[in-house]
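Please look over the sequence and the model shown here. A short report on selected parts of the structure comes after it.

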Protein chains: 4
Amino acid sequence: MKRLAMGGKKVWLEEAEDPRAEPGWAVVRTKAIPLCGSEKHAYYSEGENRWGGHEGTGVVEEIAEGSRLKVGDRVLISPQGGCEVCELCRGGNYIHCPDSYPGQSHSAELVKKREAILCILPDDVSFELGSMAGCALSPGFSSLERMGCGASDTVLVTGLGPVGLGAVTVGSYRGARVLAVEPVEFRRDLATDLGAEATFDPTTGDALEWVREQTGGRGVSLAVDCSGRAEAERLCIDAAAVLGKVCFCGENGGQIEVSPSSDFIRKGLTLLGTWHMNLLDVPKVFRMLQRRPEIEKLITHRFPFAQVQEAYDVFFSGQAGKVLLLP
Amino acid sequence: MKRLAMGGKKVWLEEAEDPRAEPGWAVVRTKAIPLCGSEKHAYYSEGENRWGGHEGTGVVEEIAEGSRLKVGDRVLISPQGGCEVCELCRGGNYIHCPDSYPGQSHSAELVKKREAILCILPDDVSFELGSMAGCALSPGFSSLERMGCGASDTVLVTGLGPVGLGAVTVGSYRGARVLAVEPVEFRRDLATDLGAEATFDPTTGDALEWVREQTGGRGVSLAVDCSGRAEAERLCIDAAAVLGKVCFCGENGGQIEVSPSSDFIRKGLTLLGTWHMNLLDVPKVFRMLQRRPEIEKLITHRFPFAQVQEAYDVFFSGQAGKVLLLP
Amino acid sequence: MKRLAMGGKKVWLEEAEDPRAEPGWAVVRTKAIPLCGSEKHAYYSEGENRWGGHEGTGVVEEIAEGSRLKVGDRVLISPQGGCEVCELCRGGNYIHCPDSYPGQSHSAELVKKREAILCILPDDVSFELGSMAGCALSPGFSSLERMGCGASDTVLVTGLGPVGLGAVTVGSYRGARVLAVEPVEFRRDLATDLGAEATFDPTTGDALEWVREQTGGRGVSLAVDCSGRAEAERLCIDAAAVLGKVCFCGENGGQIEVSPSSDFIRKGLTLLGTWHMNLLDVPKVFRMLQRRPEIEKLITHRFPFAQVQEAYDVFFSGQAGKVLLLP
Amino acid sequence: MKRLAMGGKKVWLEEAEDPRAEPGWAVVRTKAIPLCGSEKHAYYSEGENRWGGHEGTGVVEEIAEGSRLKVGDRVLISPQGGCEVCELCRGGNYIHCPDSYPGQSHSAELVKKREAILCILPDDVSFELGSMAGCALSPGFSSLERMGCGASDTVLVTGLGPVGLGAVTVGSYRGARVLAVEPVEFRRDLATDLGAEATFDPTTGDALEWVREQTGGRGVSLAVDCSGRAEAERLCIDAAAVLGKVCFCGENGGQIEVSPSSDFIRKGLTLLGTWHMNLLDVPKVFRMLQRRPEIEKLITHRFPFAQVQEAYDVFFSGQAGKVLLLP
């Protein structure tokens with residue numbers, strides 16, 4: 001099979017041995033593989049890296065004895081794997097399993113994966129649309145699900161990379177009023193297409209002031225940071241209304257300052273974070289894709305495997321939503 | 001009537017005019033007035049202060065036309081007041097009302113209070129026990145209610161002043177396993193009496209290590225900081241298990257550092273804060289007092305009004321739980 | 001003032017003394033008074049009846065000392081009244097208060113009402129639109145709120161009188177897929193306008209079969225009966241999916257049969273009922289009106305007081321949505 | 001291996017071929033097998049029946065390639081099996097899977113079971129105690145978990161067979177006040193030992209009256225029927241307070257009458273049912289067993305396989321709690 005390798009600001013295809021199914025594991029032929037911003041590290045690092053791809057959809061190519069899947073099943077390929085028997089794994093939170101492992105990169109024609117991770121796509125969800133149930137929609141969905149987002153809410157989304165665009169999409173689908181803050185015009189326009197009611201360029205004024213104007217001074221009931229930048233995270237906290245909730249989705253390995261008394265005790269804020277999505281949420285995300293096929297607007301570019309370098313160039317330009325590889 | 005005044009490290013009684021009921025307002029004759037650590041500021045400040053007392057129970061002494069209360073009703077006197085018509089007030093969160101006001105200090109023989117704030121005590125809850133439904137139990141109850149604390153939880157409480165002792169009491173009542181961290185021996189012993197399963201003196205070793213030992217390395221599902229100290233707040237965050245929840249109850253007007261990626265995204269933590277209690281929780285707190293009259297152990301000292309200086313001396317010594325004035 | 005009286009299949013205006021404000025009570029000048037199907041009983045009964053009107057909006061005309069409202073406040077007038085101090089009243093469920101009382105009919109130019117029942121309308125919600133926050137929208141909102149209805153749900157609504165049309169409206173607003181069953185074509189068409197995705201005339205075939213076809217055999221996650229008819233209630237139970245929820249909104253004083261094992265234990269169904277709406281939901285309903293002004297389509301007819309007989313004739317014809325009296 | 005067969009009011013041991021592990025399936029050597037009232041049907045029916053046993057704990061004896069379990073793992077053996085890939089199975093509700101299957105009876109020395117059904121027992125929970133996490137505790141736990149039972153609740157349990165005794169145990173563990181109704185004295189006494197605050201013999205008076213006396217006229221916030229008898233189910237509905245919740249756990253294949261208006265709309269009742277337990281609840285049940293080892297009182301008799309007839313005689317006498325077979 002062909003698979004991707006990357007490093008030194010380049011990406012290329014190489015041949016590798018086909019993986020084989022074995023009990024508990026199936027082999028999936030990939031059909032749509034979205035690129036994820038988290039691959040930047042491997043791309044820009046020295047050396048040759050063969051990990052990183054962790055989203056996608058495909059068709060079960062091979063199963064082993066005892067399988068509950070069938071050859072030909074259309075499936076979502078979620079990232080990583082876990083021990084399958086601990087409380088976290090059994091509850092669908094295998095990403096947090098102390099024995100979780102990255103597994104093979106999904107950026108290949110064939111991916112070998114534990115069956116427990118493979119979820120059967122509904123017939124009426126295409127491979128391309130279905131692949132949005134990875135890093136595009138899952139952090140936003142998980143955030144808004146855990147915060148109980150519904151039609152009564154006003155949601156602020158900061159940072160409109162693919163994760164932020166996904167949060168806008170999910171907020172709109174759940175009936176909430178969505179406000180979004182992002183400096184890149186292309187992304188703000190895409191957010192509007194995906195359901196944001198108003199957007200703001202933070203390089204042109206005071207974003208906190210803007211949120212207050214949009215909400216009659218009250219602030220938003222929910223906020224999701226997808227930028228991973230301290231000032232946007234702080235904006236979320238400050239723009240949240242009394243008793244509001246804030247969720248961090250954008251990776252920020254640094255520290256930010258919060259005030260126990262002002263932010264939490266007096267204001268009654270709730271602050272949380274989500275990484276990937278609990279497997280229990282997958283059916284709800286699939287239902288969203290069935291009811292809102294226009295979510296495909298999140299996908300702005302598609303490339304065959306042969307044009308993989310072009311795909312990464314476009315994706316890392318910032319002038320893109322989700323970019324798909326079609327092996 | 002007699003009322004308290006304080007300042008310059010002294011407290012004394014003085015005469016004041018009796019308040020009178022008017023439409024919407026009742027006058028309550030106080031029966032049990034707990035002291036609160038938040039009065040320290042007034043006590044130690046210069047000048048004469050006549051605010052600060054904000055807990056207690058009493059008997060309705062006078063009502064005006066249109067009242068839904070009756071003279072003789074036994075009531076809980078909660079702090080402050082709000083506009084009564086905004087969304088926050090109507091939802092019981094009047095403490096967060098943008099038009100909230102402190103109102104008259106409760107440290108007096110008679111208190112004039114909006115009827116909307118006065119909750120009728122069950123017949124079988126004494127004035128003394130009922131007065132624990134103020135700052136003693138309400139922050140802990142609100143914290144554990146908002147975090148959904150139940151019998152499956154292990155709860156860490158840091159800081160065993162009256163608020164922390166209240167959190168221990170509530171956690172035990174809700175069936176959780178309670179661990180507590182506090183340097184003062186008197187308070188640790190009282191926490192044990194009130195239902196803590198294990199306590200730790202943080203001056204004798206590594207509190208985080210101790211929590212891990214107590215929880216098989218896993219950490220606690222819930223943590224409540226009642227100390228308002230940064231290192232204890234950080235302990236709560238670090239000692240929480242994956243997908244755990246942490247609530248701040250102890251005032252800390254400073255800043256603490258948190259990591260969006262490590263604390264929230266990767267660990268899945270939820271962080272919140274509570275000040276006072278939503279009025280909707282009052283019936284649940286009353287039910288707790290009915291079912292657990294031994295909560296009276298929280299009250300370690302009682303003084304008549306005439307011994308008010310002695311009451312404050314004992315209370316501020318740290319060798320006390322809740323101290324009551326009995327006017 | 002003028003007020004309505006009815007009986008013997010007629011309705012007429014008569015003069016009555018103006019009510020006066022007193023402490024705790026305000027007088028409201030009515031602006032929009034919706035008719036409600038529950039008035040049928042008074043209309044068709046013998047004698048002269050002066051009760052029944054229990055919805056509407058208006059302007060505060062007079063207040064008494066101690067009031068937290070102001071003359072000129074625009075308000076929603078909800079039905080009944082309660083004791084204001086019991087746990088149910090304090091929690092917003094005053095309708096269930098053991099001491100609840102009907103109070104004066106709202107079908108008059110002036111209504112005297114306890115202030116605790118009057119909720120201030122947002123400035124951008126008209127009197128007419130605001131009046132939909134009574135029996136039109138409140139049973140449906142309460143049902144879907146208590147069942148946690150969101151975008152992942154498919155909701156069946158049976159019976160498309162004003163209550164059922166309201167449930168369709170709320171379900172659509174909350175992002176759910178809405179299916180509706182009703183024999184009258186006018187009402188089915190109105191439901192489609194208000195957001196139903198598909199409707200069915202149960203006189204033309206098997207409604208259960210139709211729901212199964214619409215849901216891939218799985219059934220609906222939520223169902224709301226607004227007809228009060230046993231066969232529709234049974235349809236809701238049978239059409240609900242495994243672990244689904246069913247809510248009764250349509251009054252049916254008779255009995256229906258349910259099977260503990262088949263309906264509840266094996267299928268995992270949850271069955272509930274809602275009457276009016278908890279006051280705590282009012283802000284959410286107001287937010288719905290602000291975000292969806294097209295809900296005004298629920299109002300199909302408007303009449304001045306002088307044409308009150310015509311108003312009731314049209315309303316009871318079944319060829320109407322909500323009918324308003326404009327005093 | 002030896003296994004049980006029953007029929008014609010007799011039970012006996014017979015030899016059968018040892019089952020063998022295969023991919024996805026493990027073989028468990030049973031250690032504690034509780035008897036369940038649902039086996040009565042097989043016991044009293046004609047012919048020879050080899051199904052029915054569906055609870056228990058044991059040790060993994062054999063695994064196949066690809067297993068995530070290890071030989072020697074101590075496990076809970078839950079009933080049935082499902083397809084493992086549908087939404088219900090992936091969410092832990094495999095019991096409701098449309099493709100669920102009974103599988104081999106657990107009443108044997110060796111049981112072959114899908115790995116997905118086997119949950120690893122905590123080290124400090126014995127096989128005997130762990131076996132209570134089947135039909136003894138799971139219906140009650142599931143009922144009270146779904147109804148959100150906590151320390152603020154008063155719970156009525158009707159019918160004190162093993163399921164009802166389990167519900168008493170769980171209610172007490174969760175901090176609720178538990179009332180129980182049952183005619184057999186032995187069972188009432190056992191309920192008292194397991195945490196019921198008060199019990200009532202319904203043959204000696206009016207049980208509804210008794211509940212009202214116990215609750216100040218208000219009724220219970222939660223009720224669980226474990227008798228499967230129409231009059232007890234109706235008692236639960238009538239004894240529930242306004243806005244209360246009722247759960248059916250006792251199989252009753254017949255019909256009962258409920259009133260949409262009186263029981264649901266005006267009273268605001270919620271009615272549900274639970275069969276077995278969602279797999280996601282298993283860790284919470286294990287935690288309960290760790291914290292309350294005295295739950296072992298639920299087990300009143302233990303028999304080796306050789307005394308199987310005596311075991312069933314005792315169990316069906318009604319003078320027993322849970323009866324264990326120890327193979």
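## About the model

This is a predicted model, in which local features need pLDDT of at least 70, side-chain atom pairs count only at pLDDT 80 or more, and totals for chains, interfaces and linings use all residues. Residues are numbered from 1 along each chain as its sequence is written, chains are lettered from A and ligands numbered from 1 in the order in which they are written, and side-chain values use heavy atoms, with hydrogens and water left out.

## Chains A and B

Chain A brings 35 residues to its contact with chain B, and chain B brings 35 residues. Contact means heavy atoms within 4.5 Å. Together the two chains bury about 3,100 Å², with 55% of it on carbon and sulfur atoms. Buried area is the accessible area (1.4 Å probe) that two parts lose on being put together, summed over both. Of the area that chain A buries against chain B, A:Pro260, A:Ile265 and A:Arg266 supply 19%, more than any other three residues.

Chain A and chain B share 4 salt bridges. A salt bridge is a side-chain nitrogen of Lys or Arg within 4 Å of a carboxyl oxygen of Asp or Glu. B:Glu251 forms a salt bridge with A:Arg266. Their closest N and O atoms are 3.0 Å apart.

## Chains C and D

Here 35 residues of chain C touch 35 residues of chain D. The buried area between chain C and chain D is about 3,000 Å². Carbon and sulfur atoms carry 55% of it. C:Pro260, C:Ile265 and C:Arg266 supply 20% of what chain C buries against chain D, more than any other three residues.

There are 4 salt bridges between chain C and chain D. C:Glu87 forms a salt bridge with D:Arg218, with the closest N and O atoms 3.3 Å apart.

The largest nonpolar core has 57 residues. Such a core is a set of buried Ala, Val, Leu, Ile, Met, Phe, Trp, Tyr and Cys residues joined through side-chain atoms within 4.5 Å. Buried means under 20% relative accessible area, exposed over 50%, and partly exposed in between (1.4 Å probe, protein chains only). C:Leu137 and C:Val168 have the most contacts inside the core. Not counting residues up to four places away in sequence, C:Leu137 touches C:Met132, C:Gly166, C:Thr169, C:Val170, C:Met288, C:Leu289, C:Ile295 and C:Leu298.

C:Met288 and C:Leu289 are also among the buried residues of helix H10 of chain C. This helix spans residues 282-291 and is mostly covered, with 7 of its 10 residues buried. Helices (H or I, at least four residues) and strands (E, at least two) are DSSP runs, numbered from the N terminus. The buried residues of H10(C) pack against H2 of chain B. In chain C they pack against strands E5 and E7 and helices H3, H4 and H5.

## A parallel strand pair in chain A

Strand E15 (residues 299-304) and strand E16 (residues 322-326) of chain A run parallel, joined by 5 bridges. Two strands pair if DSSP finds at least two bridges between them. From E15(A), the chain passes through helix H11 (residues 308-316) to E16(A) in a right-handed β-α-β crossover. Right-handed means that, with the strands pointing away from the viewer, the path from the first strand over the helix to the second runs clockwise. A:Phe303 stands opposite A:Leu325 in E16(A).

## Single residues

Two residues other than glycine have positive phi. B:Gln80 has phi near 60°, and D:Lys9 has phi of about 65°. B:Gln80 lies in the loop between strand E5 and helix H2 of chain B. B:Gln80 is buried, at 13% relative accessible area. D:Lys9 sits in the loop between strands E1 and E2 of chain D. D:Lys9 is exposed, at 54%.

A:Met1 lies in the segment before strand E1 of chain A. A:Met1 is buried, at 12% relative accessibility. Beyond its neighbours within four places in sequence, A:Met1 has contacts that include A:Glu14, A:Pro19, A:Gln104 and A:Leu110. B:Pro202 is in the loop between strand E10 and helix H7 of chain B. B:Pro202 is partly exposed, at 30%. Apart from neighbours within four places in sequence, B:Pro202 touches B:Val181, B:Glu182 and B:Pro183.
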